[in-house]
Amino acid sequence: MNSASEHPSWMLGIDVGGTFTDLVALDGDGNLTSTKTPSTPDPSEGVMNGIAKLGERFGLPLREFLARCSLIVHGTTVATNTILEYNGAKVGLITTEGFRDEIEFRRAYKESVFSPRLPAPHPIVPRRLRIGVPERLDAKGNVIQPLDEEAVRQAARFFAQEGVEAVAVCFLFSFINPEHEKRVRDLLREEAPQLFVSLSSEVLPQIREFERVSTTVVNAYTGPALQRYLERLERTLGQEGFGGELYVMQSNGGVQNIVQSGKLAAGCLLSGPAGGVTAASFLGERIGYSDLITVDMGGTSYDVSVIEQLQPTLTTESWISRYRVALPMLDIHTVGAGGGSIAWVDNGGLLQVGPRSAGSYPGPACYGRGGKEPTVTDANLVLGYLNPDRFLGGEMKLDKEASVEAIRTRIAEPLGISVMEAAIAISEIVNNNMSNAIRFVTTQRGHDPRRFALLAAGGAGAIHAGRQAEDLGIETVIVPKFAPVLCALGDVSAHLKVTELRTRFERADRVDLEAINAEFDEMEKSAREKLGGGAAARQFEARRFVDMRYEGEVHEVTLPIRTRTRRVTALNMEATVSQFHDWHERLYAHKNPGQPVEILNLRLDLIGVRDRIPLRESPFDEENPAAAQTGTRKVHFGPEAVDAAIYNGDLLNPGNMIVGPAVIEQWGTTIVVYPGHEALIDALGNCMIEVRREREGAAV
């Protein structure tokens, strides 16, 4: 036995969800072990509970197990929940005099244009805590009016008296010349060193004032909570014997150390679901599917994203809890449609499902923790999809009678229908909500869902995926072997990543290549400093991007600059402009090669490349899955129950073929193979489902 086997070490991926905390441990031989534990009000408690549970799997006490862990990558919802629940820091804002109301003007954006009663967003920085100070730069960054330092000191003293915890600073044209903002930070540290300070020139150093101020304010609002949490978690881990590196999953699909993550909390707003998209891209490469729609259905939400040619879609146009966050993020659309989503009857007598969730405590009625309201999980239990004795592989027992009672009293009786009809209605509504979420990221953005495979993850995703595939005309559903903990798998497999942004406004046909290359060199230098030692990475790659638009247009298109060297050449730029015309036509249905093209922003992604997880393949067994069948069960796919074959997923082997109707029960998830569908277990243990088109012309 070699030394690595005698004294194994592990890397951990940890994802905290609204209901469960998921964990994956990877050892030096490429073996993956996973587990789940209920999330807790203080997320760090759930994290430590999960790590202890993993240690028990290896026969090790917590301290000894952590001492053998070299790396922990954490997907966290702390920043997300802070902005969603509006319980962030008390924030003050310092702006150029006369511009303190930009955060309310919002570039005249209103979510519902025709609703005069739509309330304004919750003010995360009240007007009385927004202070304009005398200072002014011109569009080239030259000082027109010096910074009034006494005004800044007065603002700092006022903030201290008001109990402000964090200050956002956003001056005009500071993305060109950040000196005034940096001086404000120095003055704030002198007057009130306890303040968390967020500078727009560091958070989002590019053109567009509203986007900068909104993103910077969100960063200040969420930063203190995330920073405190990460510091507390690091301290707790250290006290329990962890001496390795701690990283945090970022919204852009990479990972970063906790120091930079605490400073740029806005970059962690999609930390949780980003792990799932990253893992899906990694798995797609291994199994030969380059175009994927990823769906992750947990206890609280349903997250949808598109991967094209193995590249997850990025966006800089996110609105989170009604606030603009213009940092590059994975384009993930989320709706309140999880297993814990509560079914309810509105004042008009109509059945609704979500967005409110029962969470982990008290959870669905069937959890037996005091929950009285019916949820999607309760409906799935009543319909026969779930086995009350094998939830989480038998770690939890579900109370079916509690589900029946909750649906009967809250839904069936108020609507004058049977319990089974109510359960079917709940299932149909949540399926429709999820199909519409997929349409939002596909058909509404120019994608035909029929040319994608649907990759279903999360504890409940594989129950509903077959129905969504039928609705949308999708032919293949992929349920990964690690579907219940896909986000945690993405955390442990993701590369390190830092994104640098700069505004550079000029015509593409008059571009100063020497200046652009110098700019990219400075951006790479800054990114390397932020990435730190990067012991977890084996090499670094710099990827360059440019934002382009037709002269006179408002919106731009982000394009990669494809170059084999460290320098951008004239030929590279010509190819990028040509690519811009094609992408513009694809996005906006027209192109005009004769119209001048403008460069607006530069972006550089520095990737710390990590070794890929060596997933193990197994040889195919016979097609007949009879050895894994545990019996049959009455299952409702409609008003009439049918006999569905029930399989123990742990006993299925590569090559086994399952013909629906069937239910595959495995730890952490249940896979429903709908009537007419066929499922094959592949060499990696993934479940590949071929879908019967329920009706011609479905979906799109």
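pLDDT is the predictor's confidence in each residue, from 0 to 100. Keep it in mind, as this is a predicted model.

**Stop 1: confidence.** Colour the protein chain by pLDDT. Its mean is 90, and 97% of the residues reach 70 or more. Now select strand β9, residues 166-170. Among the elements of the chain, β9 has the highest mean pLDDT, 98. Helix α1, residues 3-6, has the lowest, at 44. Next, select residues 1-5. Here the pLDDT is below 50, and the stretch has two contacts in the model beyond near neighbours in sequence. Then jump to residues 695-700. Their pLDDT also stays under 50. For this stretch the model has 16 contacts beyond four places in sequence.

**Stop 2: two helices.** Two packed helices are described by the angle between their axes and the distance between the axes. Select α6 (residues 149-162) and α7 (residues 179-191). They pack at an angle of about 45°, and their axes lie 9 Å apart. The crossing of α6 past α7 is right-handed.

Show the side chains next. On α6, the contact is made by Glu149, Val152, Arg153, Ala156 and Arg157. On α7, look for Arg183, Val184, Leu187, Leu188, Glu190 and Glu191. Five residues of this contact are nonpolar, six are charged and none is polar.

**Stop 3: a loop residue.** Select Thr442. This residue sits in the loop between α14 (419-441) and β23 (453-457). Is Thr442 buried or exposed? Its relative accessible area is 0%, so Thr442 is buried. Leaving aside neighbours within four places in sequence, Thr442 is in contact with Ile293, Val306, His447 and Pro449.

Terms used: Residues numbered from 1 in each chain as written. Predicted model: local features only at pLDDT ≥ 70, side-chain atom pairs only at ≥ 80, totals over all residues. Heavy atoms only, no water. Helix = DSSP H or I, 4+ residues; strand = E, 2+ residues; numbered from the N terminus. Buried < 20%, exposed > 50% of the residue type's maximum accessible area, 1.4 Å probe, protein only. Contact = heavy atoms within 4.5 Å. Axes fitted to C-alpha atoms, helices over the stretch in contact; angles between N-to-C directions. Left-handed = near helix turned anticlockwise from the far one by under 90°. Nonpolar A, V, L, I, M, F, W, Y, C, P; charged D, E, K, R; others polar.
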